[in-house]
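Hello,

Here is the structure I promised to pass on to you. Please have a look at it first, and then read my notes below.

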Amino acid sequence: MKNLKISNTLTRAKELFKPINSKNVTMYACGPTVYDDPHVGNARSLVVFDLLFRVLKKIYGENNVTYARNITDVDDKIIDIAKEKNLPIENITKEVTKQFHSACKNLNCLNPTVEPKATEHIDGMIKMIDSLIKKGFAYVNKGHVYFAISSFKNYGKLSNKNLDELKAGSRVEVSSFKKNPLDFVLWKPSEEKDPGWDSPWGRGRPGWHLECSVMSEKYLGKKFDIHGGGLDLVFPHHENEIAQSCSNNSIERMANYWVHNGFLTMDKEKMSKSLGNIVSISSAVEKYNGQIIRLALLSSHYKQPLDWNEKLLEQQRSTLDKWYSLYEEKFNTKETPQCFECLLDDLNTPEYISKLHELYNEALKGDNKKKESFNSACRLIGIFSENKENWEKYKKKSVKVSEKFIVKKINERLQARKNGDFKLADKIRDELLNEGVLIEDKKDKTEWKYK
Ligand SMILES: [Zn+2]
C-alpha cells in the first residue's frame with residue numbers, strides 16, 4: 001500500500017494519511033453556491049479535489065473511495081440574483097448548475113460519488129437544529145435559531161484563532177437576535193415571496209453552514225476522513241460545520257484531515273466583483289481549452305497562491321502542444337508511473353509536472369514502452385482527456401501569427417507614419433487586426449496584444 005502524506009489545517013502539519021476504513025475512504029468537498037457562472041477561482045478547488053480523488057482511488061482501489069460534493073441551491077445570494085433578474089429561483093439554480101457541470105466536464109473532473117443538493121435535505125437540517133436546541137447548543141429568538149458558540153469549547157481551533165481575534169478579523173453579521181456576535185444562524189424566517197419551509201420555528205430557511213454538516217453525515221457518516229475546500233472556507237464555514245457536528249454527535253473530530261487550497265489571484269490582484277476581474281470558467285475554456293486550464297491550475301502546489309495570467313496559460317498551451325506529439329489513444333493503461341511518488345507527498349504537482357517533462361524527453365528518444373509510460377502519467381492527473389484530432393482542431397482555431405511578424409509589421413507602420421503615409425499605416429493596422437492583433441500607440445512606442 002502506498003503512503004499518502006497530506007497537509008492538515010487542523011493540526012497545521014503534514015501528516016501520514018490513515019483512513020478510518022481503507023475499503024471505503026471518505027472525502028467531502030464544499031461545492032458551489034449556484035447563483036452565478038463559476039469562475040476560475042472555483043475551478044482551482046474543483047481540480048485540486050478531483051486530483052486528490054484520483055490519487056485516493058489509485059491507492060485504495062477504484063471503488064473504495066466515496067467522494068461527496070454538495071450543491072448549495074438555497075442561499076441569500078441566489079435570492080438576490082433572482083430578484084435582480086426577476087426570475088424564479090429554480091431558473092437560476094438549474095441554469096447555473098448546468099453551467100457548473102459543463103465546467104466540470106471541460107476541466108475533466110470525475111463525477112463525485114454523490115452530489116447532494118441542500119434543498120433536498122431540509123428535513124435532515126430541521127432535525128439537526130431541533131437536536132442542537134434540545135442539547136443546549138442552540139437557542140431560538142423570534143423565528144431565528146442561532147448556534148451558541150460559547151457552548152463549544154473547540155471553537156476557533158481549525159482557524160487557530162481565539163475568539164477576540166476571530167471577532168476582529170472577520171465581518172460578523174450584527175443582529176439584535178444574537179447573544180454573542182460570533183453566534184451563527186441555523187435557521188431564519190423567510191418572507192412570503194422567498195423560498196421557505198415549515199419548521200417548529202416558523203416558515204424559514206436554513207443557514208448555509210448547516211447543510212454540509214447534515215449531508216456529510218448522511219453520505220459519509222458522523223466521522224469521515226477528509227474534508228476539503230478553498231482557504232476562504234476555513235472561517236467561518238468550516239469552523240461552524242465542526243461546531244455543529246461535533247456538538248451534536250459528541251465527537252472530537254468530524255473529519256480527521258482538513259485540506260484547503262490556496263487563493264487564486266488575477267494578474268497579482270485579488271479576484272473580485274468590484275475590481276471586475278473575475279474570469280468565468282466558461283469564458284476561459286472558450287479562449288483556451290479545458291486541458292490548458294487544468295494544467296495551469298495544477299502548475300503550482302495546491303497550498304500556494306496561484307497567479308492567473310496570460311503567460312501562465314500560454315506556457316501550458318505550448319507544453320501541451322509538445323506533449324500531444326506523443327499522444328497515443330491505445331496507451332490508455334492503468335499503469336502507475338514512478339513519479340506518482342510526487343503526488344503522494346502532499347500532492348506535489350509542480351514536481352510531478354517536471355517529471356512529466358523528463359518522461360517526455362525520454363519517450364521522444366525511446367521505445368513504445370517509454371511512450372506508454374508518458375501517456376499514462378499524463379492521464380493520471382487528468383491530462384490527455386481529448387484525442388489528438390480534437391487537440392489539432394483546437395490548435396487550428398487558436399493559431400496565431402508570430403511575434404516576429406507582428407514586430408516587423410509594427411516597424412513598417414512606424415516608418416509609414418514617419419513618411420506621412422497614414423493610409424499605409426492604417427492599412428497595416430487593419431491587417432494586424434485581421435490576424436487577431438490589437439495595437440495601441442503610446443507616447444513613444446507601439447504596444448500590441450493578441451485579441
Ligand atoms: Zn461546506
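By a nonpolar core I mean a set of buried Ala, Val, Leu, Ile, Met, Phe, Trp, Tyr and Cys residues joined through side-chain atoms within 4.5 Å; buried is under 20% relative accessible area, exposed over 50%, and partly exposed in between (1.4 Å probe, protein chains only). This is a predicted model, in which local features need pLDDT of at least 70 and side-chain atom pairs count only at pLDDT 80 or more, while totals for chains, interfaces and linings use all residues. Residues are numbered from 1 along each chain as its sequence is written, and side-chain values use heavy atoms, leaving out hydrogens and water.

The largest nonpolar core holds 73 residues, and Leu56, Trp308, Trp323 and Phe374 have the most contacts inside it. Helix H1 (residues 40–60) gives the most to this core, 13 residues. Helices (H or I, at least four residues) and strands (E, at least two) are DSSP runs, numbered from the N terminus.

Leaving aside neighbours within four places in sequence, Phe374 is in contact (heavy atoms within 4.5 Å) with Trp323, Leu326, Leu356, Leu359, Tyr360, Ala363 and Phe384. Another core, of 42 residues, lies apart from the largest one and includes Val74 and Phe137.

Now for helix H16 (residues 422–434). Its buried residues are Ala425, Ile428 and Leu432. They fall within an arc of 60° seen down the axis of H16 (taking directions from the helix axis to the C-beta atoms), so they line one face of the helix. On the other side, Lys423, Lys427 and Asn434 are exposed. Helix H15 (403–418) and strand S14 (437–441) are among what covers the buried residues of H16. Just after H16, Gly436 takes a positive phi of about 85°.

Best wishes

Terms used: Expected span 1.5 Å × (residues − 1).
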